[in-house]
Amino acid sequence: MLVSQQWTSQSLAVSCIQKVFNNLGVYNESFLIHEDKEFRNRFDKKYNMGHLPIPLYRYRRREANITNDQVKSEYYQSKLNEKSV
């Protein structure tokens, strides 16, 4: 019974995520950086989100990460700002 309930919860979560992507579309591929922020802006206009105060993943930054490219970061941040106006 417990396994069945767990499976139902996971199926429901996947179903909800699929519905969100069907409604909003996927990440905007014209954003090389901040594509998650652009998606989040679209998400926030349609849905409410809560906060879990526990880490769900680990993110490692390395020297070669595109996130460290300040020029690209500023360019895509300005593009994101223009889009949200």
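User: Which residues line the second largest pocket?

Analyst: C16, I17, V20, F21, Y27, D36, K37, F39, R40, F43 and M49 line the second largest pocket. The elements that give two or more residues to this lining are α1 (2-24) and α2 (35-46). One note on sources: the model is predicted, so local features need pLDDT of at least 70, side-chain atom pairs count only at pLDDT 80 or more, and totals for chains, interfaces and linings use all residues. Residues are numbered from 1 along each chain as its sequence is written, and side-chain values use heavy atoms, leaving out hydrogens and water.

User: How is a pocket found?

Analyst: Rolling a probe the size of a water molecule over the atoms shows where empty space is left. Here, a pocket is an open set of points on a 1 Å grid over the protein atoms alone, where a 1.4 Å probe fits, with protein on both sides within 12 Å along at least five of seven lines; lining residues have an atom within 4 Å of a point. Points are joined across faces, edges and corners, and the volume is the space filled by probe spheres set on them. The second largest pocket has a volume of about 210 Å³.

User: Which helix gives the largest share of that lining?

Analyst: α2 does, with five residues. By class, the lining has eight nonpolar, no polar and three charged residues. (Ala, Val, Leu, Ile, Met, Phe, Trp, Tyr, Cys and Pro count as nonpolar; Asp, Glu, Lys and Arg as charged; the others, Gly among them, as polar.)

User: What is the volume of the largest pocket?

Analyst: About 430 Å³. It has 15 lining residues, and E35, D36, K37, Y57 and Y59 are the closest to its centre.

User: How many helices and strands are there?

Analyst: Three helices and zero strands. Both are DSSP runs numbered from the N terminus: helices are H or I, at least four residues, and strands are E, at least two.

User: How many aromatic pairs does the structure hold?

Analyst: Five. Rings of Phe, Tyr and Trp (its six-membered ring) pair if their centres lie within 6.5 Å; planes under 30 degrees apart are stacked, over 60 edge-to-face, the rest tilted. F21 and F39 are stacked, 5.3 Å centre to centre with 25° between the planes. This pair links α1 to α2, 18 residues apart. Ring pairs also join F21, Y27 and F39 into a cluster.

User: Is F39 buried or exposed?

Analyst: F39 is buried, at 10% relative accessible area. F21 is partly exposed, at 32%. Buried means under 20%, exposed over 50%, partly exposed in between (1.4 Å probe, protein chains only).
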